[in-house]
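Subject: Structure handover and findings

Hello,

Here is the structure you are taking over. My notes on it follow below.

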Amino acid sequence: MRIGIMGGTFDPIHYGHLNSAEEIAEIFKIDQILFIPAFIQPHKRGKKTADAYHRLMMTLLATLSNPRFTVSTIEIEKGGYSYTIDTIKKLSKTLRRNTNFYFIAGIDAFKEISTWKDADRLLRSCDFIVSTRPGYRIDALFKILSETVSKKYRDLRFKIEKKNSSIKSSRLSVIGSRTFIHTVETTPFDISSTEVRNRVRKGMTIKYLLPELVEDYIYKNELYV
Ligand code: ATP
């Protein structure tokens with residue numbers, strides 16, 4: 001079984017997250033995508049976010065109608081900082097043996113991977129699927145990893161494996177381990193949670209940026225005003 005893990009603050013969840021998860025599930029034949037709202041994302045420390053309960057509710061509402069999508073409360077229940085390595089370790093213990101995890105991240109998040117907790121162990125413990133922006137070349141990702149991760153962890157090196165131009169996907173291997181970093185170009189949705197929050201604050205429309213149920217939830221609970 002293949003499980004994709006989509007971590008984020010989801011403050012709020014929007015069509016950028018949902019579309020990227022759906023396209024990746026289709027391309028990589030992923031059976032289930034687990035959306036995991038973070039309690040506190042370490043790289044967003046100090047930044048005020050909506051209450052974890054609200055972010056969880058919005059994630060549930062947004063994913064309800066998709067049979068492939070589920071939501072996990074693992075990071076919210078734990079509280080404190082949400083470190084991906086801890087989440088992956090915990091999930092591996094609870095799920096069936098022949099389950100493969102694919103951690104899904106946008107290039108904006110993944111390029112900071114060297115600053116994530118135990119990045120070396122993390123990159124050796126599960127595959128990553130990195131959604132890139134159009135025209136973003138795998139060489140750039142290789143360069144980023146070499147200049148950040150390999151510099152910090154001397155024995156961690158990467159190799160460009162193959163390209164699949166029909167699905168605009170490429171693969172890097174983590175040398176000495178059985179894990180890969182896949183890159184894929186999904187349809188670009190130029191939306192961010194920051195933009196949604198700003199628009200609500202200014203009284204501008206957020207229609208068609210996120211599911212209607214999430215839009216209703218935001219107004220009903222007076223979030224981001
Ligand atoms: P913020 O604007 O508050 O920083 P965000 O919109 O980037 O939030 P996050 O919850 O921080 O959303 O992102 C979770 C994951 O989703 C990250 O891996 C990020 O790269 C990815 N992501 C966010 N927006 C998009 C988008 N429009 N298209 C594809 N992936 C996205």
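How many bridges join S4 to S5? Five, and the two strands run parallel. Strands here are DSSP E runs of at least two residues and helices are H or I runs of at least four, numbered from the N terminus; two strands pair if DSSP finds at least two bridges between them.

This is a predicted model, in which local features need pLDDT of at least 70 and side-chain atom pairs count only at pLDDT 80 or more, while totals for chains, interfaces and linings use all residues. Residues are numbered from 1 along each chain as its sequence is written, and side-chain values use heavy atoms, with hydrogens and water left out.

The sheet

Eight strands make up an open sheet of mixed pairing, in the order S3-S2-S1-S4-S5-S8-S7-S6. At its edges are S3 (69–71) and S6 (158–164), each of which pairs on one side only. From one strand to the next the twist averages 25°. (Axes are lines fitted to C-alpha atoms, for helices over the stretch in contact, and angles run from 0 to 180 degrees between N-to-C directions.)

Some of the pairings in detail:

- S2 (residues 32–37) and S3 are parallel over three bridges, and Leu-34 stands opposite Thr-70 in S3.
- S1 and S2 are parallel over six bridges; Gly-7 has Ile-36 in S2 as its bridge partner.
- S1 and S4 are parallel over five bridges, with Ile-5 partnered by Phe-103 in S4.

Five of the six residues of S2 are buried, where buried means under 20% relative accessible area, exposed over 50% and partly exposed in between (1.4 Å probe, protein chains only). S4 is largely enclosed by the rest of the structure, because five of its seven residues are buried.

Val-130 sits in S5 and counts as buried because its relative accessibility is 0%. Leaving aside neighbours within four places in sequence, Val-130 is in contact (heavy atoms within 4.5 Å) with Ala-105, Gly-106, Ile-107, Phe-110, Ile-181, His-182, Thr-183 and Val-184. Its C-alpha is 12 Å from that of Lys-168, a residue 38 places away in sequence.

Helices on the sheet

H1 (residues 15–27) has 13 residues and reaches 18 Å from first C-alpha to last, close to the 18 Å expected at 1.5 Å a residue; the expected span is 1.5 Å times one less than the number of residues. Its buried residues are Gly-16, His-17, Leu-18, Asn-19, Ser-20, Ala-21, Glu-23, Ile-24 and Ala-25. Just after H1, Lys-29 has a positive phi of about 50°.

H7 (residues 138–147) lies across S6, S7 (169–174) and S8, at about 165° to S6.

Two other buried residues

Ser-114 is in the loop between H5 (107–110) and H6 (119–125). Ser-114 is buried because its relative accessible area is 10%. Not counting residues up to four places away in sequence, Ser-114 touches Ala-119, Thr-148, Val-149 and Lys-152.

Glu-215 belongs to H10 (residues 212–220) and counts as buried because its relative accessibility is 7%. Beyond its neighbours within four places in sequence, Glu-215 is in contact with Ile-206, Lys-207 and Leu-210. The C-alpha atoms of Glu-215 and Lys-168, 47 residues apart along the chain, are separated by 33 Å.

Pocket and cavity

Both were found on a 1 Å grid over the protein atoms alone: a cavity is a set of points where a 1.4 Å probe fits but cannot get out, a pocket is an open set with protein on both sides within 12 Å along at least five of seven lines, and lining residues have an atom within 4 Å of a point. Grid points are joined across faces, edges and corners, and a volume is the space filled by probe spheres set on the points.

The largest pocket holds about 1200 Å³. It is lined by 49 residues, of which Gly-7, His-17, Lys-44, Asp-108 and Ala-109 lie nearest its centre. At least two lining residues each come from S1, H1, H4, S4, H5, S5 and H9 (193–201).

There is one cavity of 30 Å³ or more. The largest cavity is lined by Ile-74, Glu-75, Lys-78, Asp-86, Thr-87 and Lys-90; the elements giving two or more residues to that lining are H3 (74–78) and H4 (84–94).

Regards
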